[in-house]
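Dear colleague,

Please find below the structure that I am handing over to you. I would be grateful if you could read the notes after it with the model open.

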Amino acid sequence: MKFSIKHFVTVLFLAFTAFGFSQEMKVTGTVYDTTGIKPVMNAMVMAVRMKDSVLLGFDRTSSDGRFELKGFEIDTFSLIIDHPGLDEKIYYMFGHADNKEIDIPNVRLNSKAQEIEEVVIYANRNPIYYRGDTLVYIADSFQVAEGAVVEDLLKKLPGLSVDKDGKITSQGQAIDQVLVDGDEFFGTDPTIATKNLGADGISTVEVYEKENDQGIGGSEDKIKVLDLRLKDDAKKGYFGRISGASDFALTPINGTFGTNPFYEGELLLNRFDGAQKISVFALTTNTPRSSFGRGDLNKFGLNNERGANSMPWEDNTTNQSGIPQTFKAGVYFSDKIGKNKGAKIGFNYSYYNTQLEAISASRSQYFLTDTTYYTDDSTRSMTRNESHNINFNFTAPLDSMTTIEIRPSLSFDFQNQDNSDMTSFITGDQIKSLETTIGNKTKSEGIGLSGMARLNRKFKKKKRELEVRYDVDIQDNKTNGNLNTTTRIFTPLYDSIVDQSKINDNSGSNHYATITYIEPIAKKLNLEFQYLYEYGLSKQNRETYDFANNTYSSFRSDLSNIFESTRQQHRGGLELVFQTSKHTIQGGARVRNIDIANNNLITNVQTPQNFTNVLPRFTYEYKPSVSTRFSLNYTTNSVQPSINDLQPVPDNSNPNRIAIGNPDLTPNYTHDIRLNFNTWQAMSGRYIYAGTLFNVTDDGFASSTVFDQFGRTFSQTVNTDGNMYAVLYAGTGIPIYKRIITVKPNLNSSFTRFNNFINSEKNTTDNFAITGQADLEFRWDSLEVTLNGSYTYNNPKSSLSVASNSPYTSQAYGADVVWRLPLGFKIGVEGTYYKNAQQGQGFFNIEYFILNAEFSKAFLKTSNLVVGIQGNDIFNQNINAARQVNGNIITDNRTTIISRYFLLKVTYRFNNRKTKEEDFNGWH
């Protein structure tokens, strides 16, 4: 469908002013069985257009056999009426202005006379149906353009949506995993399948839930899966992509041209033949699209070495924290082997080499009982990470009822960090009282081994099952570093210098053995028993040496220690599961005993701990229909403190924020209640979801912080009661005008209560937040337009200081347009306006507009050669700004990031089908 201004005006006019005036057809009738007397319930009724097999309408007969199809334009179509136990009947309808309402008062279905194979074929004519709890879409029932890929097909399916990054949602709920024929397709990135497989090769699209079995001891949570089932003739082929982009050093860096060219390059080669899949990939870039994450500092025991008020380090799909350089490469292989191809084997190796230079500034305001003060931080860090990751998996049936699965993983990690931080402490009267300069250089290396082995045995008695599982996680990480600090006190004038060498070694091993047995004690009632044994050993060795006599030889016993923590757990549980077609009730409890021995190997002081917990749980799910669900979940959990929280030695890697462990910490105890509702309409794609959750923690982990006269802190983790949070959310998707327009409003509100201690006084921080968001989507074959907006209001309140009780807001309004023009031209524009605001003047007050654009031209008959120009932050306004409220501290952060640049990009995509190969978002 070619798009023009005329189309745009016409559609908007129809959508908002004239829906009721179009010429639409209406077909009604009553369906009876062979006798012609008994009405047939749940018979499928479809209107299928004759010229192109497009589905015009769909209904199922009610208890009195009635059906009604309406809302589609006058056309020539076939009316198909089908029921699994009866023969199919087809009517051919010729619509006309004088014949737009048709009633068939008596539709009689004869007895089924076809072979079983024919029944299967007729069942597939139903475009959407449920097979148990699995939602099935018949792909050929939905028309897509020639050369379309799976993502184009998914956008046509009622209830499914795909955003610009390839994220898939079903009835408002995120899809956690995308499979092809029940298996991963070239790793865990779903866009490899959705943006590269041809839509014409898909037989069915299936959506269902399954248990997440990747966690330690097996996860009790379920994940939502989208499974693409291939046609037989589409299970063999290859596809790939080669691309390169550069600005040829024409982007000025600090006002100078030609110093640092921006570039992006990708290579992707994939081959699949039935169950066998082979993939090779490489990615290199120094733009924000590097998918660079800063890694897990706790692994190397460096969690106190970042800037005094910097934000937590997270992994993101795009880097917004500095100037990156990234190189990634890897190979992936999987196949089915053995007798009848019953065993599955898989292997993948990946290599990452990443570098990030980050320059950030932050202002923090600290609220104490009788005073307030500020800190200004300026931080510069250079981080280099290198890692090798090897994963292997093997699954095989030992016999018809027994399956074994093995999943080992091995990783090697290397990291170099060079951080410098300058901090100024400022009184409430805006007088500088203290200034520090901190330099931290560290070199780390680590090795990790993890794995899972599982044996599952089914029995002749239905639903009887036994599973034995072993999980292991072994880590050994070593860090060497240097700390150099200079502290200047202005009144009276005083300088102090620290020059130290540090050794920080962390190691640990955790072993879990789990036995699960399920016994059906009645037709609808099962009893589940589980026993878990855990043994864990964590060890941390910290050594600090002062610089003396031209060498680091002066041992600091007050900053050094060898600490060991041993943990044993016995956990047994019973659960009853009652399940009918509409109701599922599951309840039980687990009793566990945890024995912990914390041992200071320097002082020989031991801190034994022993706890016994009862962990009840309850789940209720009600399914009044296949498309409506209501669920209530209550769970409890208990988490042990980390070894960094237990280690009883000061960590002075940031001398302004000294932390010390607490060997007397006890595990916390958490109650979690979740209530969810979800309903949707198959043919219209309309859905509604809503829910709430409430979480309260006893013996929660909180900080106890003591401030000196300048504002420097000495903190320790302690146990406290009363930490809680509650969330209330709701949303809907409303497709209109043949699903060309979709409205998606949603609302999310939360309340958080967090307790900590300030100079030995308890401080309670309550924060109420509410976010309203709405998306308006327009989807034509050649044009896609998305309008979106969100408004967030936060109101934090602290019990110790009302001065910190300052509400603030964040707003974002954007538009995203993709226009496919004739002759292979394509225009993409994305713009977002951001505004942060608080009362009075503050570091957080900021507003800016980000505009990105792309113009490209496709060449060759297949359009697989694309040349384009990309512009990032065309108005040069991008700023990474965020606010963090933590206890009695409000911190506003800004980070220098890459803003405006332009790239000339060339991409060549290829596949064995010699057809158009769609783009995808790379490897994450």
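The notes below cover salt bridges, a surface patch and backbone geometry.

This is a predicted model, in which local features need pLDDT of at least 70 and side-chain atom pairs count only at pLDDT 80 or more, while totals for chains, interfaces and linings use all residues. Residues are numbered from 1 along each chain as its sequence is written, and side-chain values use heavy atoms, with hydrogens and water left out.

Salt bridges

The structure holds 32 salt bridges, a salt bridge being a side-chain nitrogen of Lys or Arg within 4 Å of a carboxyl oxygen of Asp or Glu. One of them joins Glu-209 to Arg-629, with the closest N and O atoms 3.7 Å apart. Because Glu-209 lies in strand β14 (residues 202-211) and Arg-629 in strand β31 (residues 628-637), this pair ties together parts that are 420 residues apart in sequence. Strands here are DSSP runs (E, at least two residues), numbered from the N terminus. Glu-209 is partly exposed, at a relative accessible area of 37%, and Arg-629 is partly exposed at 22%; buried means under 20%, exposed over 50%, and partly exposed in between (1.4 Å probe, protein chains only).

Another salt bridge pairs Glu-405 with Arg-454, whose closest N and O atoms are 2.3 Å apart. Glu-405 belongs to strand β22 (residues 402-427) and Arg-454 to strand β23 (residues 432-458), 49 residues apart. Both Glu-405 and Arg-454 are buried. Asp-471 and Arg-469 also meet in a salt bridge (2.8 Å, N to O), and Asp-471 and Arg-469 are likewise buried.

Backbone geometry

Most residues other than glycine have a negative phi, and most peptide bonds are trans. The peptide bond from Thr-491 to Pro-492, however, is cis, with omega near -15°. Pro-492 is placed in the loop between β24 (465-490) and β25 (493-522).

Leu-823 has a positive phi, near 65°. Leu-823 sits in the loop between β42 (808-820) and β43 (825-838) and is exposed, with a relative accessible area of 70%. Asp-873, which is not a glycine either, has a positive phi of about 50°. Asp-873 is found in the loop between β45 (865-872) and β46 (880-886) and counts as buried, at 0% relative accessibility.

Surface patch

Phe-248, Leu-250, Ile-869, Phe-902 and Leu-904 make a nonpolar surface patch of about 520 Å². Patches are made of residues with over 30% relative accessible area and no salt bridge, like charges being joined within 9 Å and nonpolar side chains (Val, Leu, Ile, Met, Phe, Trp, Tyr) within 5 Å. Accessible areas come from the Shrake-Rupley method with a 1.4 Å probe; for residues, only the protein chains shown count as cover.

Yours sincerely

Definitions and conventions
Helices (H or I, at least four residues) and strands (E, at least two) are DSSP runs, numbered from the N terminus.
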